[in-house]
Amino acid sequence: MSSSQPSEIIRGSQHHLRQDVTKLCPKDLDLLVRGVQRIQALPSSHPDLFAQIASYHGIPAWYCQHGNVLSPLWHRAYILRLERALRNVLEDESFEMPFWDEMSKESAKKGPPSNLTRKTYEWSDGSGSRSIWMLNRTFICWVILMRR
């Protein structure tokens, strides 16, 4: 697949295209930020809690597959689990994780997109802003891994 084409997902008879995170409309970016907020705020016993899912990645340390042929497959499963949690809290089965093409010419020049690295997020409806310093690292990890 060329780096300029979106990842394609086939579910049942429906065909979905993942969106490039650098081209998300404000409403879709709001949805992603709200979903991440919600999975971070779930009770500690909830299976969709962000910290619970994130622990798959590093506890125990050997559990995550890095530096070997299993890395892309293992991370796809991890990211799809996060996507499922977001679908649950957003109550939207059509929600798809966006991707970021870190190999594009634009990425080589500019690095991660500003909508993933800024310190505050302004809601598109003008209702205010919130600090997303901890969210932006999550976004970068998720969208990079969805592309691989």
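Modeller: Let us start with a pair, the side chains of arginine 87 and glutamate 96, which meet in a salt bridge at 3.4 Å from N to O. A salt bridge here is a side-chain nitrogen of Lys or Arg within 4 Å of a carboxyl oxygen of Asp or Glu. This is a predicted model, in which local features need pLDDT of at least 70 and side-chain atom pairs count only at pLDDT 80 or more, while totals for chains, interfaces and linings use all residues. Residues are numbered from 1 along each chain as its sequence is written, and side-chain values use heavy atoms, with hydrogens and water left out.

Biologist: Which residues are linked with Arg87 in a network of salt bridges?

Modeller: In general, side chains of opposite charge can pair when their charged atoms come close. In this model Glu83, Arg87 and Glu96 are linked in such a network, and the salt bridge between arginine 87 and glutamate 83 has its closest N and O atoms 3.4 Å apart.

Biologist: Where do arginine 87 and glutamate 83 lie?

Modeller: An α-helix has 3.6 residues a turn, so residues three or four places apart point the same way. Arginine 87 and glutamate 83 both lie in helix α3 (residues 71-90), four residues apart, which is about one turn of the helix. Helices (H or I, at least four residues) and strands (E, at least two) are DSSP runs, numbered from the N terminus.

Biologist: Are arginine 87 and glutamate 96 buried or exposed?

Modeller: Both arginine 87 and glutamate 96 are buried, where buried means under 20% relative accessible area, exposed over 50% and partly exposed in between, with a 1.4 Å probe and protein chains only. Arginine 87 counts as buried because its relative accessibility is 10%, and glutamate 83 is buried with a relative accessible area of 1%.

Biologist: How many salt bridges does the structure hold?

Modeller: The structure holds five salt bridges. One of them joins lysine 23 to aspartate 20, with the closest N and O atoms 3.5 Å apart; here lysine 23 is exposed, at a relative accessible area of 61%, whereas aspartate 20 is buried, at 17%.

Biologist: What does the side chain of arginine 81 make a polar contact with?

Modeller: A polar contact is a pair of N or O atoms within 3.5 Å; within protein, one must be able to donate a hydrogen and the other to accept it, and residues adjacent in sequence count only if both atoms are side-chain atoms. Arginine 81, which lies in helix α3 and is buried with a relative accessible area of 13%, makes such a contact with the side chain of aspartate 48 at 2.7 Å. Not counting residues up to four places away in sequence, arginine 81 touches Pro47, Asp48, Ile53 and Tyr56, a contact being heavy atoms within 4.5 Å.

Biologist: Which residues have the most contacts inside the largest nonpolar core?

Modeller: In soluble globular proteins, nonpolar side chains tend to be buried together. A nonpolar core is a set of buried Ala, Val, Leu, Ile, Met, Phe, Trp, Tyr and Cys residues joined through side-chain atoms within 4.5 Å. The largest one has 25 residues, and those with the most contacts inside it are Leu32, Ile39, Tyr78, Leu82, Leu86 and Phe95. Helices α1, α2 (50-58) and α3 each supply at least two residues of this core, and its largest share, eight residues, comes from α3. Isoleucine 39, found in helix α1, counts as buried because its relative accessibility is 0%, and its C-alpha atom is separated by 9.1 Å from that of leucine 82, 43 residues apart along the chain.
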